[in-house]
Amino acid sequence: MRAVYLLLILLFSFSLQGKTKDLLFEKGLDEIMQEEYEEAQAVFLQDAKLQPSFSSYYNLGVASGSLEEWSKAKWAFESSLKYRPLSGDAQFNAKFATQKIGENKVWKHPYPWLERVIIGFGATTWTIFVCISSLFLGFLIFNIVSKRKSNTIKWCLRLIVPSILLFVISFYGIYSINEHYNKERYAILKNQKTKFYISPNGVQIKEDIDPAIRLELMKYFKDSTWIQVRSQGKNYLWIESENLYTY
Amino acid sequence: MVRVFFLNITLLVTTFLSFAQDAFVELEINPKTIETGQSISVMIKANVDGQMDMNLPDAFIQSGAVQSGMSSSIVYLDGQKKAVRYNYQAFTGYFEDAGTYLIGPIVIKTKDGKVQSEHQTVHVIKRQNMISDDPSKNMNQMIFGIIEQSKKELYEGEPLILEGKVYSQVEVLQLDAFSKFDFDGPSDNHLISNPNHASSSYTVINGKNIQTFRMGKTVVFPEKIGAYNIKPFQCIILYNDPRTNYPERAKIVSNEANVKIKPLPEGMPKHFIGAVGNFKVSASLSNKSLEQGKVVELRVKIRGEGNLHNIEEPKIYLPNGLVFYGDPEITDSINFTLRGSEGSKSFTYFIQVNRSGSVQINPIQIAFFNPKSGRYETSKCKIKTLNVKSNGEEIKQMPSIFKEEVRTPTMQPYITEKVGVDHSADPLFNGWQGAVLLFSPIMLGLVLGFGVRIKKQNEEHNNIKKSLIQHRAQALASLNKLREENTNIDKLDELTRLLVGFLASEFKVDKGEISRSFLKSKIPNEISVETHDMLIFVFNEMDSMKYGGSINNSDISHLKDEVEEIIKTFEE
């Protein structure tokens, strides 16, 4: 009985937590509706940190764009594409923000089409596929190895190849989604005055980087205070992380 | 008949007694100091007949009919008690203006001359609001009226409920000429009950059962902040006077109430629609799917209580590509009750949709001031997504009143639904632990498969072993039985069959396959050379006995021992 109460309390507290997060989003909406963009920006940023979602990043982009903070807007829109890579509005706005930073700049989607398709299916789909295929494959292998009746083994041998295929694909799907969500891959300069270094705290170098371009994030250093990026000229540069928007 | 007789007798006696008294006329006023509008009663007593002339000021307003009759009283004249009989006339009235007024004298002209009364002075003062709003403090008056009000202080826009209440300690026969209280300031007033109807009930005040009448219930919406008076209500009451046992009329003027209208507190939200009370908003679209360029109706309904009839239309924030087409239509269904104006008010907006795809109209939010909680509150509703089918044409504005606008490219608008929440895979499936977890069913299948396979093999091996032991035991048992056979031929045949059968079972072959060459082929893996030699010896001996003709004279017991030895060799 005590366990049931404990479970109910836990469920209640979880539901309250979700409600609080939604309330933050609602508050952001109120602010943006009232054209209080600075407040909206702060609230959506907090919401994106607590419960990252397409909507919170997207609205953060709209609020930032309304404040003419185009680098931040570009980062927010491209971050929103992380959660819904096929969203037309987010792509339009990311392109819009890019062109605001530098005119006639061509904008490209940050994620390759295969990744977009995989994310389009969703983590739940891949999880279900990989679990089912793994269990089924285990069952088939068990039957084959344990030398069951010859008829069963015949069917197991027929099914094992498609099962392996399904397992491999869905395993790759899970792996890609984990990589996609858990790894930061790109960086955008916060401003044009950013300094570049050969190594962390090392020698400063001069590099002309177009602020409208997204940089490829290579690695972190010292508690992520420094980030190594690869410029469009394939140069490896170290930048203080406070000068970058990463996603 | 009896009543008429007694009445005539009484009149006769009174007439005789009157003739016996001195002529007099008296004027009685009660009370002599009154407030403006307060009722006074005037009584003229006389024991003579004649033409009466009475001086009444022009400012005096008579408020009821004249009542007349006969009465008597005891007076002391020259130290002697005398009964005085007289006729009387009584009526009530009041003065609207303050001042000192002279009433009388009364002059009655008779055949013997004229009889005159003293004049009386009445002081009329301005209203002092001598009636308290606490009924228990007015119990010195037989009848009094109080304005009942829902609040003494209220916020701008908040409804004020007013009602007239008459308290009577005597039997009231009739209520007439009700003149309503009046809010002394700009206001929007709505009667809740019929002003010509009064509801009666009893209430206990200071332990006394008092009859009360309620009338003129009104909801007032003050329009400006400030302190205001509520002017008293008035009515004429016909009641049974317990002193005279005759019906009397009296004008009742209630207390004067006051009320303070406060401004709404600071921090008014942007979505405030001038509503004071408690409200809820809901919205619906006429269509969820439509073609680009068409107009959709958005109906926003506000329900609640307070000052619903005075609320403004809610502000709708449209995303890019959507424009209003004309002014909204307003319909309402409002009742005035004790809670103010109550019901619903609907605003229908016409929106032209010039954008294709899924279009989300922003949630509608209203803010109102709730006097109960003393703060601003909001109500919000979401609107379903519109599916707009592209017409493949350039966006055409409806031919209209709208100004031509030059559009600069802008971002797509913000979204109102929280979608695309981080659904990254479960942390269980992250990293090498995740890989192990996902591969575990496969590995488990493999391990279990091998386990089952080995187990099966062991079982088979054990079964074979068991059957071998069994069949050796059987062979030895059969060999023991052989000793009891009668003839040597039978014994030899049985011994041969037993040995061949044993070897066939041992090597898992048919009995026909057991031959000398077969046995030789089993050396050295399955049988040793010694065993082979023993077997060949036994077979040779058997053959020589069988076909040499010496069988009946031979002893085959040594052969049995040889076979037993061979079987035991296999056991080892």
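Strand E22(B) gives the most to the lining of the largest pocket, with six residues. This is a predicted model, where local features need pLDDT of at least 70, side-chain atom pairs count only at pLDDT 80 or more, and totals for chains, interfaces and linings use all residues. Residues are numbered from 1 along each chain as its sequence is written.

User: What volume does the largest pocket have?
Analyst: On a 1 Å grid over the protein atoms alone, a pocket is an open set of points where a 1.4 Å probe fits, with protein on both sides within 12 Å along at least five of seven lines. Volume here is the space filled by probe spheres set on the points. For the largest pocket, that comes to about 970 Å³.

User: How many residues line the largest pocket, and which lie nearest its centre?
Analyst: A lining residue has an atom within 4 Å of a point. The largest pocket has 35 of them, and those nearest its centre are B:Asn30, B:Pro31, B:Ser39, B:Met142 and B:Tyr239.

User: Which residue is the bridge partner of B:Glu35 in E11(B)?
Analyst: Three bridges join E2(B) to E11 (residues 120-125) of chain B, and the two run parallel. In E11(B), the partner of B:Glu35 is B:Ile125.

How values were computed. Chains lettered and ligands numbered in written order. Heavy atoms only, no water. Pairing = 2+ DSSP bridges. Helix = DSSP H or I, 4+ residues; strand = E, 2+ residues; numbered from the N terminus.
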